[in-house]
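The sequence and the model come first.

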Amino acid sequence: MSTVLITGANRGIGLELSRQYVESGDRVYACCRKPEAASELNTLAAASKGQLTVHSMDVSSEHSIKACAKELSSESIGILINNAGIIGGDHQTFDDANLEDWLFTFQVNTIGPFRVAQAFQEHLKLADNPKMMTISSQVAASTFSMSGIYAYASSKAAVNKVMQALAVEWQQSKISVGLIHPGWVQTDMGGAEAQITPQASAAGIRQVIENFKLDDTGSFFKWNGEIHPW
Ligand SMILES: NC(=O)c1ccc[n+]([C@@H]2O[C@H](COP(=O)([O-])OP(=O)(O)OC[C@H]3O[C@@H](n4cnc5c(N)ncnc54)[C@H](OP(=O)(O)O)[C@@H]3O)[C@@H](O)[C@H]2O)c1
């Protein structure tokens, strides 16, 4: 059994990861911005008989992250999944880029996972073979040619670099740090025409985390287990 903390657990990939980890018998700390409005997650929690608990965490707020870390201060966390993310608004072209939205996108997608890492480092150290996986995106890669979505793409490229640096720093503490592209997934963010279901994405992410070793720290994976070029 693993203890798993997931951010942005109330819908999309985060909700499906929560479901699958519960089904596998793991202990899940499911974090979201508004627990009172997280109806599917609360239903899952009620059915899990204590195996999954719901916790308040807004990854754009240092105060909120620290409060959650304090609430769970005696708990060890074996797997931390930085899943929460935003696309960054509708104004992301060269001509209409909204720079305030861009900064907020960094706050959530880049600085959020960094703050979560700072706040939960001690919880990870309490576990055997701890792992932190951040859900990035293929658009982070320099090998992925594209235009537009400046805020989203740059925030994901930046979080890749942040996590690669942290992987080096945390090697001594034996905490594995990885990044993963979850596929193009049928969620609110990915849209209905996306290529894979949340079920397939979450199953792939869980398998990658299962196989992820300290020797692989700093790697950027695809949900299907391949290494993502970047
Ligand atoms: N879907 C895809 O095709 C795709 C592709 C590549 C990468 N990704 C990445 O995969 C991750 C999950 O995406 P998804 O497709 O499941 O998206 P989604 O359906 O839009 O869900 C996003 C989740 O992030 C949460 N979130 C947003 N801002 C937050 C904040 N400040 N604090 C805490 N939680 C916050 C949302 O909570 P609220 O309900 O409170 O807003 C929601 O639970 C993201 O990091 C995304 O960038 C997705």
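## A covered strand

A residue counts as buried if 20 or more other C-beta atoms lie within 10 Å of its own, as exposed if 12 or fewer do, and as partly exposed in between, with C-beta atoms placed from the backbone. Helices (H or I, at least four residues) and strands (E, at least two) are DSSP runs, numbered from the N terminus.

This is a predicted model, in which local features need pLDDT of at least 70 and side-chain atom pairs count only at pLDDT 80 or more, while totals for chains, interfaces and linings use all residues. Residues are numbered from 1 along each chain as its sequence is written.

## The sheet

Seven strands form an open sheet in the order β3-β2-β1-β4-β5-β6-β7, with parallel pairing, where two strands pair if DSSP finds at least two bridges between them. Because β3 (52–56) and β7 (220–222) stand at the edges with a single partner strand each, one side of each is left without a neighbour in the sheet. Neighbouring strands of this sheet are turned by 20° against each other on average, direction ignored; axes are lines fitted to C-alpha atoms, for helices over the stretch in contact, and angles run from 0 to 180 degrees between N-to-C directions.

Strands β1 (residues 3–6) and β2 (residues 27–32) run parallel and are joined by four bridges, and Leu5 has Tyr29 in β2 as its bridge partner. Four bridges likewise join β4 to β5, also parallel, with Lys131 in β5 as the bridge partner of Ile79.

## Helices against the sheet

Helix α6 (residues 198–211) has 14 residues and reaches 20 Å from its first C-alpha to its last, close to the expected 20 Å, a span taken as 1.5 Å times one less than the number of residues. Its buried residues, among them Pro198, Ile205 and Ile209, pack against α1, β4 (79–82), β5, β6 and β7, contact meaning C-beta atoms, placed from the backbone, within 7 Å.

## Around the ligand

Of the 29 residues around the ligand, Gly8, Gly12, Ala84, Gly85 and Gly190 come nearest; a residue is near if its C-beta atom, placed from the backbone, lies within 6 Å. Helix α1 (residues 12–23) gives the most to this shell, with three residues.

Notes:
Two residues are in contact if their C-beta atoms, placed from the backbone, lie within 7 Å.
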